[in-house]
Amino acid sequence: MRPYNWSYTQFSQFNSDDSLLLVSGVFVGPHNSSSGEIAVISMENFTLLSRVRNKPYDVFGCWLNETNLISGNLHRIGRITSCSVLWLNNAFQGIESENVNVVKRLFKIQNLNASTIRTVMVADCSRDSEEEEAKPKQTPEPAVQELPDDGGVTAEDGLQQFFDDIMEGRVRPAMTETELETKVAELFVRNRTKPPELNLLSTDSNSKTKYLIFTTGCLTYSPHQIGIKRILPHQMTTAGPVLGEERRSDEFFDSLDHVIDIHGHIIGMGLSPDHRYLYVNSRAWPRDCVISDPMQPPPIAEEIDLHVFDLKTMKEVKRALRAHRAYTPNEECFFIFLDVSRDFVASGAEDRHGYIWDRHYNICLAKLQHDNVVNSVAFSPVEQELLLTASDDTTIKVWRSPRAVRIQQARKPRPRKLLFSWLMNQKS
């Protein structure tokens, strides 16, 4: 990808039938400005089919279905407020007809306090769960966080009252420019946000439900929340109105259907094979910490917590797994990829090791040594007892479980031993 001014690749994902590969990288633009770009490559002849701009680059991008992928763009509104636009792109961006869309705006979401949307992924909740537990169904929590009641005052009236208080000096204590921008953005988002659809947390296993999952925040620029937005059937294609033409004027931003607050810096996410459970690597903030400046997030722990959330109930279901560690501060913190198989979960770490846990018993099974940071891990899709780890020591290591090694050795033919036995029998 060097001919296209890529500095490096950072993420890749096959589509569901393995015919196309999505590759996300960092693109160097004019005046050494960096942004992201997504390339789609055919697995039939390894040709480059399309390139899609992706901003910021740690949105990564992901497949929605076999032929459509999701990318991001970022528009600044103020110094610490912005708007993230998520786009649906056709992998085959041909020009056979000017009447056929190749891109379509999917969602437009307001960001507060210097936060942005990153690390998008799609959970297909119509998949059959491998771990359906025989227990009474619980009534899910409301799908969106409630805004505090302002005594019947509308957002528009509240905004006008707020400006009047400023002009007449009734706002005490005096607000900084950053605090003022945040307050105005919060009032705007109440009046300019489309309400979510009802009954989003459906437990019907036959429903064709897909959720867009991403990291976000509301207090500071470091990603500390997981946003979840349902993708409706009519949104799963680039056909139809472009650029949100179907919106009313009072639906300026889309709201999130559910928000999970991690109370720490999120550094990795992964889905179980059945897309029922979401695994999240995070580094916790101090308990009861107060964030007064969005550009100064709290210090983060060296221990990495691996949380598990059930996407049917939107609740944490197990005690966080621990063993792995990280040392970089907030401003240098980077993504550590994890992977989940039927029975195991694996993660990299900054302590020069990869780790494997048993998903069902929460036991750390293995600590896999490298000479530098382990950035990424991946289970074989056909053999869960084979794992790859990739490290800053410039190596990719292949690991097998002792059981898999014994099985592999038992399958190997031993012609020399058999020939020797045959000769001894002939002599006797």
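Modeller: Happy to! The secondary structure comes to 4 helices and 25 strands. Keep in mind that this is a predicted model.

Biologist: Okay, what is the mean pLDDT of the protein?
Modeller: The mean is 83, and 75% of the residues reach 70 or more. Over residues 132-151, though, the pLDDT is below 50. That stretch still has 23 contacts in the model beyond near neighbours in sequence. Where pLDDT is low, the predicted coordinates should not be read in detail.

Biologist: Good to know. How many residues are in the protein, and what share is buried?
Modeller: There are 428 residues, and 48% of them are buried. As for the surface, the protein exposes about 23500 Å², with 52% of that supplied by carbon and sulfur atoms.

Biologist: Let's go inside. Which residues have the most contacts in the largest nonpolar core?
Modeller: That core has 18 residues, and the ones with the most contacts inside it are Leu64, Ile70, Val120, Val122, Leu212, Phe214 and Ile231. Strands E7 (82-90), E8 (103-111), E9 (118-124) and E11 (210-216) each supply at least two of the core's residues. The largest share, 3 residues, comes from E8.

Biologist: What does Ile70 touch?
Modeller: Leaving aside residues up to four places away in sequence, its contacts include Ile38, Leu64, Trp87, Val122, Leu212 and Ile231. There is also a second, separate core of 17 residues, with Cys125, Ile262, Phe309 and Leu311 among them.

Biologist: New topic: sheets. In what order do the strands of the open sheet with E7 and E8 run?
Modeller: The order is E5-E6-E7-E8, and the pairing is antiparallel.

Biologist: And which strands stand at the edges?
Modeller: E5 (62-63) and E8 do; each has a single partner strand, so one side of each is left without a neighbour in the sheet. E5 pairs with E6 (residues 68-76) over 2 bridges, and Trp63 has Leu69 in E6 as its bridge partner.

Biologist: Last one. How many aromatic pairs are there in the whole structure?
Modeller: A search finds 8. One to look at is Phe60 with Phe337, a tilted pair at 5.6 Å centre to centre with 45° between the planes.

Biologist: Are those two buried or exposed, and where do they sit in the chain?
Modeller: Both Phe60 and Phe337 are buried. Phe60 is in the loop between E4 (48-54) and E5, while Phe337 is in the loop between E18 (315-316) and E19 (338-340). The pair therefore links distant parts of the chain, 277 residues apart. Phe60 and Phe337 also belong to one aromatic cluster with Phe11 and Phe335.

Definitions and conventions. Residues are numbered from 1 along each chain as its sequence is written. This is a predicted model: local features need pLDDT of at least 70, side-chain atom pairs count only at pLDDT 80 or more; totals for chains, interfaces and linings use all residues. Side-chain values use heavy atoms; hydrogens and water are left out. A nonpolar core is a set of buried Ala, Val, Leu, Ile, Met, Phe, Trp, Tyr and Cys residues joined through side-chain atoms within 4.5 Å. Buried means under 20% relative accessible area, exposed over 50%, partly exposed in between (1.4 Å probe, protein chains only). Contact means heavy atoms within 4.5 Å. Accessible areas come from the Shrake-Rupley method with a 1.4 Å probe; for residues, only the protein chains shown count as cover. pLDDT is the predictor's confidence in each residue, from 0 to 100. Two strands pair if DSSP finds at least two bridges between them. Rings of Phe, Tyr and Trp (its six-membered ring) pair if their centres lie within 6.5 Å; planes under 30 degrees apart count as stacked, over 60 as edge-to-face and the rest as tilted.
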